[in-house]
Amino acid sequence: MGIVRLTPQEARRVALAAQGFHAARPATVGPRHLAATIDRLGLHQIDSVNVLVRAHYLPAFSRLGAYDTALLDRRAWGPRRDRRLFEYWAHECSLLPLSLQPLLRWRMERADRGEAGYRAMRTFATERRPEAMALLARLRDEGPLSASDIQTGRAGWWEWSEPKRMLEWLFYAGHVTTATRRRSFERVYDLTERVIPPDILSLPDVPEAEAQAQLVALSARALGLATASELRDYFRLDASDAAAAIARLVEEGILLPAEVPGWPPAYLHRDATLPRRVSARALLAPFDPLVWERARTERLFGFRYRIEIYTPAAQRQYGYYVLPFLYGEALVGRVDLKADRAGGRLLVHAVHWEPGVGEGAREALEVELGVLAGWLRLEGGSRLPLST
């Protein structure tokens with residue numbers, strides 16, 4: 001099998017097309033557009049920060065433009081008949097298509113045996129298992145519960161209570177899943193068999209090696225072109241599991257070995273497309289799969305990006321909640337944004353441009369800020385001054 005050779009510019013276009021940025025936004029976003037985007041990406045990462053809008057809403061906005069977030073809510077946390085997504089640990093905690101549930105049961109089984117998860121959680125798989133099973137029985141008898149429904153003391157912001165640890169182990173091990181999210185975005189847990197539709201639960205288990213190969217294939221399709229570490233990172237697979245999966249997919253012709261100047265050895269998905277050009281315009285969440293792997297972002301775009309939420313204010317270089325701005329085929333700037341919900345305004349704290357950016361990019365950002373403000377039902381956007 002020969003090696004596919006790509007220029008850095010071609011590699012960037014492949015990656016952008018795989019992520020859906022080569023296509024024009026629809027005039028009106030409907031359920032099928034959202035479903036296609038979720039299927040293309042494979043997951044939407046969840047994050048608790050709500051400075052602008054919760055992170056899982058942003059990838060679809062970046063690709064489709066303004067859409068009704070209730071469509072996503074119904075797919076994720078609506079009535080069982082409307083469910084198309086479920087929550088689980090994939091690339092961090094994520095919303096995933098229900099079709100992926102059988103492909104992650106091996107991870108649930110490892111957690112159930114105490115072979116996966118945080119150390120403080122693993123004890124519930126072994127010596128403290130009776131306590132967790134008692135909590136599971138309580139859920140069975142009482143119905144959906146959150147950690148705050150159970151805990152007796154008040155845990156700190158970064159500290160999990162004992163009931164929360166038990167619930168998270170039950171979640172990781174597949175005994176429970178997310179029934180809904182409260183207004184505060186607190187997770188409410190229920191038995192998996194009462195949440196996941198029966199036609200999904202009745203699907204046969206997939207052997208570990210086969211499931212991991214399918215997950216790597218999904219990662220490769222979503223990335224278009226990727227290194228081994230990037231393929232592993234998408235669903236957070238162990239290095240040895242990912243290596244075996246990659247070797248298998250190369251042998252099957254699903255992954256094609258590829259070379260790009262300045263890149264480590266890479267793999268091209270056999271169905272990847274190479275558009276002649278990409279004319280994108282998008283603000284990207286810090287947890288968007290186009291940019292979440294920071295070394296890949298720098299390699300693809302020459303753009304060094306770090307999220308500074310946890311950096312002391314005086315030490316931040318660009319701001320608290322900074323979104324990269326994609327224009328054409330390049331990341332051309334960083335925009336520090338905040339939704340002032342009380343005041344009904346979209347606040348643009350700062351815009352930091354990359355060298356050599358022209359007026360076209362500045363005008364495009366003003367347009368995109370206007371779209372974002374309208375989507376969030378806020379005033380501002382293009383009428384706000386852009387500072388650097």
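Domain bounds in this description come from an automatic or database domain assignment. On that basis, the protein is divided into domain 1, residues 42-202, and domain 2, residues 280-382. The C-alpha centres of these two domains lie 29 Å apart. The structure is a predicted model, in which local features need pLDDT of at least 70 and side-chain atom pairs count only at pLDDT 80 or more, while totals for chains, interfaces and linings use all residues. Residues are numbered from 1 along each chain as its sequence is written, and side-chain values use heavy atoms, with hydrogens and water left out.

The interface between the domains was examined next. Contact, defined as heavy atoms within 4.5 Å, involves 20 residues of domain 1 and 25 residues of domain 2. Buried area is the accessible area (1.4 Å probe) that two parts lose on being put together, summed over both. By this definition, domain 1 and domain 2 bury about 2000 Å² between them, and 69% of that area is on carbon and sulfur atoms. V51, L52 and F61 supply 36% of the area that domain 1 buries against domain 2, more than any other three residues.

A salt bridge is counted where a side-chain nitrogen of Lys or Arg lies within 4 Å of a carboxyl oxygen of Asp or Glu. The rule finds one salt bridge between domain 1 and domain 2. The side chains of R63 and D288 meet in a salt bridge, with an N to O distance of 2.8 Å. A polar contact is a pair of N or O atoms within 3.5 Å; within protein, one must be able to donate a hydrogen and the other to accept it, and residues adjacent in sequence count only if both atoms are side-chain atoms. Six residue pairs, both members at pLDDT 80 or more, are in polar contact across the interface of domain 1 and domain 2. Secondary structure is assigned from DSSP runs, with helices (H or I) of at least four residues and strands (E) of at least two, numbered from the N terminus. Helix α3 (residues 58-64) provides five residues, the largest share of the side of domain 1 that touches domain 2. For residue classes, Ala, Val, Leu, Ile, Met, Phe, Trp, Tyr, Cys and Pro count as nonpolar, Asp, Glu, Lys and Arg as charged, and the others, Gly among them, as polar. The side of domain 1 that touches domain 2 has 13 nonpolar, five polar and two charged residues.

Side chains of opposite charge can pair when their charged atoms come close. A search of the whole structure finds 32 salt bridges. In one of them, E329 pairs with R13, the closest N and O atoms being 3.0 Å apart. E329 lies in the loop between β12 (322-328) and β13 (330-340) and R13 in helix α1 (residues 8-18), so the pair ties together parts that are 316 residues apart in sequence. Exposure is classed by relative accessible area (1.4 Å probe, protein chains only): buried means under 20%, exposed over 50%, and partly exposed in between. E329 is buried, at 17%.

A further salt bridge joins the side chains of E131 and R128 at 2.8 Å, N to O. E131 is partly exposed, with a relative accessible area of 36%, and R128 is also partly exposed, at 24%. E359 forms a salt bridge with R362, in which the closest N and O atoms are 3.7 Å apart. Both residues lie in helix α16 (residues 359-375), three residues apart, about one turn of the helix. E359 is exposed at 52% relative accessible area, whereas R362 is partly exposed at 26%. Salt bridges that share partners join E87, K164, E168, R181 and R187 into one network.

Individual positions complete the description. H44 belongs to strand β2 (residues 44-45) and is buried, with a relative accessible area of 3%. Residues up to four places away in sequence being left out, H44 touches I38, H56, P59, A60, S94 and L95. L223, in helix α12 (residues 208-223), is buried at 3% relative accessible area. E92, in strand β4 (residues 92-97), has a positive phi of about 60° although it is not a glycine.
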